[in-house]
Amino acid sequence: MRKVLFIVNPASAGGRTRQRWEQAIPKFEAADFVYDVRFTEKRGDASRFAKEAAQAKDRDVVVSVGGDGTANETVNGLMSSRSDAPLPAFTIFPSGTGSDSVRTLGIPKDVDGFIRMVETHAFQPIDIGQANFITDQEEKGSRYFLNACDVGIGATVANAVNSMNEDSEKKSGKAKYFRSIMEQVFKFKAFDATVTTEDEEVAISKTVIVAVCNGMFFGGGVKVSPVSKMNDGLLELVATNGVSKPGLLGLVSQVYSGSHMGHPKVKFQRSEGFVIKLKKPQLLETDGEVCGVVTEVHFEVLPRVLRVLR
């Protein structure tokens, strides 16, 4: 019988996660696993709880209950505790605004399907990304990411959506993201960057986003990198390059379906790592969590370092 720790962010999804959690309790009580629960109260709690669980070595599975931000915190807590001993497996009980990591991992969204997964599915190793960055104040920072991150318009959208969540605005996650994307299409100012891999350095001009992906989705269902897999030892870079405002409007519908791949104004590249240098500082987000304004980011993949249930 598996020992499970649920890390619940009751404030996620405008507070709807608490209700979803409470409705699921009777089924969890009857499930073929034993569990404990920790409730977050502030930013950083999920990372702390996950780190404590990893260090105690008394949990088989750590479950993030909430959205992509809660999952990102939980993953960062687990990854910060890496040692020779295996970490607890990780999974998500979906109940957030974006739920992009859930889409990529293919985690069941219904309670019964989720319980069957925890009871019976085997642990699978996946890759994790790491972003080491320099802020506009010349400070260094580091963040692990499960799914995807970007500098530019995506981070600005994530910042706006997070503000909506704090105000408990009663809209679906997809609606919040779409509204913010359309607002930023008209407002966001393009920037220049250079992308360096071990093989080449490429200049990108008048871009609105440089995304680095371990998974397929971000921004509440945007299929930014349809070819990404979380177990192939590679990251994918997707960036606009010299696209006009009208052209950007046309790309919005394509990027939701993933049909933007091959577009002449979209750069795509695969590598084990990327270095992004920005001519003007931009916001950085990792799995929907805004890390601040940065001037340079070093992305690398850590192959098969975390076990998941899906």
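Me: Why is tyrosine 35 called buried?
Reply: Its relative accessible area is 19%, and buried means under 20% (exposed is over 50%, partly exposed in between, with a 1.4 Å probe and protein chains only), so tyrosine 35 counts as buried. Bear in mind that this is a predicted model, where local features need pLDDT of at least 70 and side-chain atom pairs count only at pLDDT 80 or more, while totals for chains, interfaces and linings use all residues. Residues are numbered from 1 along each chain as its sequence is written, and side-chain values use heavy atoms, with hydrogens and water left out.

Me: What makes phenylalanine 145 and phenylalanine 299 an edge-to-face pair?
Reply: Rings of Phe, Tyr and Trp (its six-membered ring) pair if their centres lie within 6.5 Å; planes under 30 degrees apart are stacked, over 60 edge-to-face, and the rest tilted. Here the centres are 6.2 Å apart and the planes at 85 degrees, so the pair is edge-to-face. The pair links strand E6 (residues 140-145) with strand E14 (residues 289-308), its members being 154 residues apart. Strands are DSSP runs (E, at least two residues; helices are H or I, at least four), numbered from the N terminus.

Me: How do you know that phenylalanine 145 is buried?
Reply: Its relative accessible area is 0%, so phenylalanine 145 is buried. Phenylalanine 299, at 4%, is buried too.

Me: And why is glutamate 200 called partly exposed?
Reply: Glutamate 200 has 40% relative accessibility, so it falls in the in-between class. This residue is found in the loop between strand E8 (191-196) and strand E9 (201-207).
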